[in-house]
Amino acid sequence: MEMLPWQCGLVLSDKIRKVEFRWVRMGCDVFSVVLGFVLGGTVGGGTIIAVFLTGPLVQFWLPKTKKLVCTIVQE
């Protein structure tokens with residue numbers, strides 16, 4: 001899976017501004033959903049769940065998978 005430029009900015013933002021990744025990600029997702037809705041898109045339950053769960057889940061799993069990947073790559 002590739003990382004888009006704006007996603008790279010999200011990952012770096014917590015190191016630069018000392019804001020947790022989950023809050024930055026949720027803010028970006030909320031902005032995207034609102035913009036999509038204003039432009040005529042539909043917003044369903046799955047969209048709302050994804051907006052509020054993606055950031056916390058990525059913040060939880062990123063350090064754990066990073067350690068695993070670093071261990072595998074070094075071997």
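**Reading a helix pair**

Guide: Let's start with one pair. This is a predicted model, and in it the axes of helix α2 (residues 21-38) and helix α3 (residues 45-74) come within 8 Å and cross at roughly 155°.

Visitor: What two things describe a pair of packed helices?

Guide: Packed helices are described by the angle between their axes and by the distance between those axes. Here, that's roughly 155° and within 8 Å for α2 and α3.

Visitor: Are α2 and α3 roughly parallel or roughly antiparallel to each other?

Guide: An angle over 145 degrees counts as roughly antiparallel. At roughly 155°, α2 and α3 are therefore roughly antiparallel to each other.

Visitor: Is the crossing of α2 and α3 left-handed or right-handed?

Guide: It's a right-handed crossing where α2 passes α3.

Visitor: Which residues of α2 and α3 make the contact?

Guide: On the α2 side, look for F21, R22, R25, M26, D29, V30 and V33. Facing them from α3 are T47, A50, V51, F52, T54, G55, P56, V58 and Q59.

Visitor: Let me zoom in on D29. Is D29 buried or exposed?

Guide: The cut-off for buried is under 20% relative accessible area. D29 sits in helix α2, and its relative accessibility is 11%, so D29 counts as buried.

Visitor: Which residues does D29 touch, leaving out those up to four places away in sequence?

Guide: D29 touches A50, V51 and T54, once residues up to four places away in sequence are set aside.

Visitor: And A50, what does its accessibility say?

Guide: Between the 20% and 50% cut-offs, a residue is partly exposed. A50 belongs to helix α3 and has 36% relative accessibility, so A50 counts as partly exposed.

Visitor: Now zoom out. How many helices and strands does the protein chain have?

Guide: The protein chain has 3 helices and 0 strands, giving the pattern α-α-α along the sequence.

Visitor: How much of the protein chain counts as buried?

Guide: Of its 75 residues, 11% count as buried. The protein chain exposes about 6100 Å², and carbon and sulfur atoms supply 71% of that area.

Visitor: What share of the contacts comes from residues 24 or more positions apart?

Guide: Among contacts with a separation of 6 or more in the protein chain, residues 24 or more positions apart account for 38%.

How values were computed. Residues numbered from 1 in each chain as written. Predicted model: local features only at pLDDT ≥ 70, side-chain atom pairs only at ≥ 80, totals over all residues. Heavy atoms only, no water. Helix = DSSP H or I, 4+ residues; strand = E, 2+ residues; numbered from the N terminus. Buried < 20%, exposed > 50% of the residue type's maximum accessible area, 1.4 Å probe, protein only. Contact = heavy atoms within 4.5 Å. Areas by Shrake-Rupley, 256 points an atom, 1.4 Å probe, with all protein chains shown as cover. Axes fitted to C-alpha atoms, helices over the stretch in contact; angles between N-to-C directions. Parallel < 35°, antiparallel > 145°, perpendicular 65-115°, else oblique. Left-handed = near helix turned anticlockwise from the far one by under 90°.
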